[in-house]
Amino acid sequence: MESLTISWIGALAGLAIAIILILRKLNPVYSLFLGAIVGALIGGANLDQTVNILVNGTQSVMGTVLRVLAAGVLAGVMMESGAAETIAQAIVRKFGGSKAILALALATMIITAVGVFIPVAVLIVAPIALSVGNKMGISKLALILALSGGGKAGNVISPNPNTIAAARGFDLDLSSVMLAGVIPAIFGLIVTVIVTSMLKNKGVMVSDQEAEQGEVDTSKYPPLGKAIVAPLTAIILLMINPIGSIAGIEALSAFKVDAMYILPLAGIIGMLAMGQGRNIVKYTTSGLNKMTATVLILVGAGGIAGLISASNLSAQVVSLIEASGVSGTFLAPIAGILMAAATASTSTGVILATGSFGDAILNMGTAPLAAAVMVHTGATVIDSLPQGNYFHVTADSMKMTIRQRMGVVPYEAIVGGTMAIIATILYGFIL
């Protein structure tokens with residue numbers, strides 16, 4: 001097995017087959033596995049070697065899987081306790097109607113940044129957005145862009161599966177990748193607000209009936225002071241090491257505790273602060289259930305990444321870039337863009353890009369942290385296509401037709417593209 005090198009043709013064929021099957025609505029996990037199997041056979045492997053390629057590929061993502069499962073505790077606490085809704089409502093109330101677009105984008109950004117999945121963050125803020133949009137005369141197109149753009153900005157600085165995959169793909173601390181995403185995220189938020197403000201009168205408006213869904217009973221939600229304990233604990237603990245390194249404080253930089261411990265601990269501390277200790281089984285079970293689909297896709301992505309890493313595709317890509325004279329720096333964001341577009345998933349796109357092209361990216365002379373941030377932001381550009389669940393979840397949340405929702409994709413690409421460009425300029429060429 002050690003001497004076997006799969007032909008790059010087989011690797012590309014396997015990737016293409018997986019993408020076609022996903023587009024044909026076959027389960028993404030089976031699509032990725034089938035693509036890996038067929039690609040390995042086309043590339044010259046026998047049946048036993050193909051199994052070894054898939055096993056090695058899936059083993060390579062187990063570190064990511066463990067951390068994603070651990071993150072489920074924090075996500076479950078934030079969603080099931082109502083803490084996320086409390087934070088969203090507080091942000092919108094604080095900014096008021098005059099800054100409604102900024103408030104909605106910022107609320108979704110923060111909810112996503114503290115560990116809630118981006119589709120769930122949009123679902124949480126959507127009822128508030130419908131109510132605000134009806135009162136302020138903001139179209140559904142603008143509202144969904146505010147939520148999606150804010151969510152994308154929050155996603156690149158969150159302890160979510162996509163960030164975990166970016167960190168593990170290049171052997172980095174999660175906190176380092178989160179911190180490095182802050183500047184691109186700020187630009188993403190700014191562009192979201194600017195573009196959304198230009199579109200607020202374009203498209204279908206929110207009806208009175210739809211706005212009624214925004215009337216939420218907040219009496220069951222925890223107060224803001226208690227709701228922020230879990231995310232605040234996670235952020236503080238995750239940031240101790242990078243802040244200590246930046247500030248040159250040895251005591252802080254020596255604090256190296258993995259996210260696998262920090263995220264569940266933060267969730268449990270937050271749950272106790274809200275007086276919900278009795279619901280530990282309920283919240284953690286819910287969090288685990290919400291992570292299951294992501295974990296399975298990560299395993300499937302590991303299979304196809306195993307195929308590509310066992311092939312000579314990376315060497316071919318490096319040779320092609322060197323021959324073309326294009327800067328090798330661009331391979332990182334392009335890999336993120338293409339893989340996330342193919343799978344319509346940020347996290348799957350990141351793990352495919354890092355697992356398949358990680359070595360090639362590093363061989364071009366790109367530093368690991370720069371590579372992680374560029375791949376990660378690249379994966380936010382066109383990840384909201386109809387073959388993924390995010391497209392349909394967000395369409396339903398705003399009561400939009402498929403055609404109306406498709407109209408948002410180009411504007412979402414502007415937000416993700418801005419973050420990718422800023423990350424590439426900043427980490428690829430300046431730092």
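**Ground rules.** I number residues from 1 along each chain as its sequence is written, and my side-chain values use heavy atoms, with hydrogens and water left out. Since the model is predicted, local features need pLDDT of at least 70 and side-chain atom pairs count only at pLDDT 80 or more, while totals for chains, interfaces and linings use all residues.

**Entry on T196.** I found T196 in helix α11 (residues 182-199), where helices are DSSP runs of H or I with at least four residues, numbered from the N terminus. T196 has 0% relative accessibility and therefore counts as buried (buried is under 20% relative accessible area, exposed over 50%, partly exposed in between, with a 1.4 Å probe and protein chains only). Leaving aside residues up to four places away in sequence, T196 touches I101, A142, L145 and A146, a contact being heavy atoms within 4.5 Å.

**Entry on aromatic pairs.** I searched the whole structure and noted one aromatic pair, for which rings of Phe, Tyr and Trp (its six-membered ring) must have centres within 6.5 Å, with planes under 30 degrees apart counted as stacked, over 60 as edge-to-face and the rest as tilted. The ring centres of F330 and F429 are 5.6 Å apart and the planes stand at 50°, so the pair is tilted. The pair links distant parts of the chain, 99 residues apart, with F330 in the loop between α18 (313-324) and α19 (331-343) and F429 in helix α24 (residues 409-430). F330 counts as partly exposed because its relative accessibility is 34%, and F429 counts as partly exposed at 46%.

**Entry on α16.** I noted that A259, I262, L263, P264, A266, G267, G270 and M271 are buried in α16, and that the buried residues of this helix pack against α4 (62-80), α10 (174-180), α14 (229-247) and α17 (280-309). After α16 comes G275, with a positive phi near 70°.

**Entry on the largest pocket.** I looked up which residues line the largest pocket, and there are 35, of which P119, I297, S345, N389 and Y390 lie nearest its centre. A pocket here is an open set of points on a 1 Å grid over the protein atoms alone, where a 1.4 Å probe fits, with protein on both sides within 12 Å along at least five of seven lines, and lining residues have an atom within 4 Å of a point. The largest share of this lining, five residues, comes from α17.

Methods: Helices (H or I, at least four residues) and strands (E, at least two) are DSSP runs, numbered from the N terminus.
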